[in-house]
Amino acid sequence: MSSLETFLSAAIILLPLTYLLAALAYGWLFFAGTERAKRLSTPLLLTGLFLHVAFLAALTFHWAQFPAGDVSQALSVVAFAVGLTYLLVEWRGRDRSTGFWIVSVIFFIQLLSSILRQPEAVAQSALLKNAIFAAHAFLALVAYAAFVMAAAYGFLFLRLYRELKSGLFALFYGKLPPLAALERMMAGALHIGWLALTGAVAIGIFNGYQRYGESGESWVADPMILLTLATWSLYGLALLLRRTQQWQGRQTAIVSVAGLCAILLSLVAVNFLVGNFHSLGPATGQT
Amino acid sequence: MPAAPASRQDLPLLLVGTDHRCAPLELRERVSYAGEAAEELLVHLLARPELGEAVLLSTCNRTEVYVKPRQDEGSYQAVLELAFSSRVPEITEEGRLYVKRGLEAARHLMGVASGLQSMVLGEPEIHGQVKQAATLADAVGTSGTLLRKMFQAALKAGSRARTETAITGGAVSLGYATVELVKAIFKHIEATRILVIGAGETGRLATRNLLDKGAQRITVTNRSADRLADFLEEFPTVDTVDFDQRNSAITVSDLVVVTTGASEPVVTAADVRSAMGRRPGHPLLLVDLGVPRNIEPAASRTENVFLHDIDSLEKLIQRNLKRRREEIPQVEEILEQELDHLNGWFRGLEAEPLIARLQKQAEKVRRQELQSALGNFPPETHDQLDRLTRALVRKILHHPSMRLRGRDGRDTLPHLDLVRELFKLDDEDE
């Protein structure tokens, strides 16, 4: 086994472990609010992200393509994108109150990625070596990362909403950003996600027509494409209803959380049923 | 090796006081001092030969006199007569007053400044009142080195308790609980549009609290125009709206505080539904401070409406008080640390005259011995010998001086008398 493969094998265990430690530190901060937890949380997350950058770079180098060759790799990229986005949010807002919940999601997604890893099943496709397709894959993963953030904020919104509505003032009250801020963060993430996904879909369609001509049969039926179109439609509909039917924050939050659960379940199902992510084009070496 | 905790000498301090726990308001108000009366009391206290320094802390919930006695005999009697029994003879009944001495008095003051002794645990106003008491005594000239230092230490303990713990965290009054809810829902209270229905006493209190916390967009309405006019005299920056237009005003508000004396709800569930229909997507916080309730409870069933009454606010206050109580052990730890610092400072103070005598004694011996030995050395070496012996004496005395001052982190010598005897420092200078 080469040193690169050794690193990849080690990182696949270290990554979720590091994110777990970071989540625990943020959890300690959320529940106990100690100075020590504050000093540990962000550095642990940064450690995880640095390791993640190295991991993704190693993957790219190893497979000589954008690291989206299977569900495992895609999930890992999503986890990284969420981590990076959260770090920016934390740095800008100087607020760590949502850290436990977001970093826990990052840990969960990376854990899923590690569990689903099947190096021998990674699709080596000329597509992923193509810059335009790589842009498509990147936008799609950014979109999913944004949907993850939207779901996390949606979950927190629902919990806080419930406590404020019922006058319970339990776990979440007093520890999170204001309800209106959570709603704005959720809605912002949804918009970014949908726009990024629109870009991904548009590039994907353009690329598909370029490669397969007008008979789209061979590529439209790709499970991942169908899943993406369904996702795009669902979130687009939610945003439309928000605007036209004046959906309140609660409805949007429910859709955000339910939408992400549906996406994750579908991704896992696609991976196991089809065994191949985006089964497009011929295998390695062929175009 | 970690330093052993320093033993504590007792400070020459006496505290005589009464507070809300041991005396009812009708007694406390008669021993309350403000303005000129406070200054006069301080001057009279210091006129007594038994007392060396004095500071008076008098608030609505406590009156405490801190003194540095010149002599143990008579100091308590002097304070009792001047500050308490001359005004309220019955205050000498058992349990009405408390007396603390030395470090216990210092510890008590630190607890007071930290809000631990307040009627509402953690209330922050007492810190400013302690500061005022120290400033007044300084201005009148009745505080000296010891009391000044003690009050500084107490204020530092109070500041640390506020910044390092959550002892003052969370709202513990109805008005501030409303503000807390606003901050939990909306981002900035400055931008929150507030409607107050009812210009009575409770409405005023709520408005005052909201303005104190930064609210800038308050509109008030009341059935009676006279009462509204009085309200506006006290709060000239608020806007008004006709009572009949209150439903329209609800539509454009984020927070509605209702506090009227009406026996029927002045805001119905239908009113709320209608208002929300005209402002979809914007949450509405309704705070009902009326008894009987001024807002129909069914209004809470509307999406994005958060309705809180007195019971619900009280639940929030109790939750916050519970959290404050959980901070007490941390605050007490801070008090112990500051008490240690104060004690260390005092030990150093006591040791200074002794160190000065020790150094003087050593210098005397050095000169004598040098003088008698100089004849055996060439003149050009005399300066060097002088410098050498000075350095020797300085080096030899350095460690004992540090130990006596307690500045090397270890327990200082508990018996300064022993040091005096060892070096015969009680002998008169020749």
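Predicted model: local features only at pLDDT ≥ 70, side-chain atom pairs only at ≥ 80, totals over all residues.
Start with chain A. Of its 287 residues, 44% are buried. Among contacts in chain A with a separation of 6 or more, 79% join residues 24 or more positions apart.

Next, select A:Val78, A:Val82, A:Leu141 and A:Val148. These residues have the most contacts inside the largest nonpolar core, which has 131 residues.

Keep A:Val82 in view and show what surrounds it. Setting aside neighbours within four places in sequence, A:Val82 is in contact with A:Ile102, A:Val105, A:Ile106, A:Ala145, A:Val148 and A:Met149. A second, separate core has 55 residues, including B:Leu15, B:Leu42, B:Ile91 and B:Ala153.

Now move to the sheet in chain B. Six strands form an open sheet with parallel pairing, in the order E7-E6-E5-E8-E9-E10. Select E7 (239–240) and E10 (305–309) of chain B: each stands at an edge with a single partner strand, so one side of each has no neighbour in the sheet.

Zoom in on E9 of chain B, residues 284–288. Five bridges join this strand to E10(B), and the two run parallel. To find one of the paired positions, pick B:Asp288, whose bridge partner in E10(B) is B:Asp309.

Finally, select helix H7 of chain B, residues 174–185. Helix H7 lies across strands E8 (255–258), E9 and E10 of chain B, at about 165 degrees to E9(B).

Technical notes: Residues numbered from 1 in each chain as written. Chains lettered and ligands numbered in written order. Buried ≥ 20, exposed ≤ 12 C-beta atoms within 10 Å, placed from the backbone. Contact = placed C-beta atoms within 7 Å. Core = buried A, V, L, I, M, F, W, Y, C linked by C-beta atoms within 7 Å. Pairing = 2+ DSSP bridges. Helix = DSSP H or I, 4+ residues; strand = E, 2+ residues; numbered from the N terminus. Axes fitted to C-alpha atoms, helices over the stretch in contact; angles between N-to-C directions.
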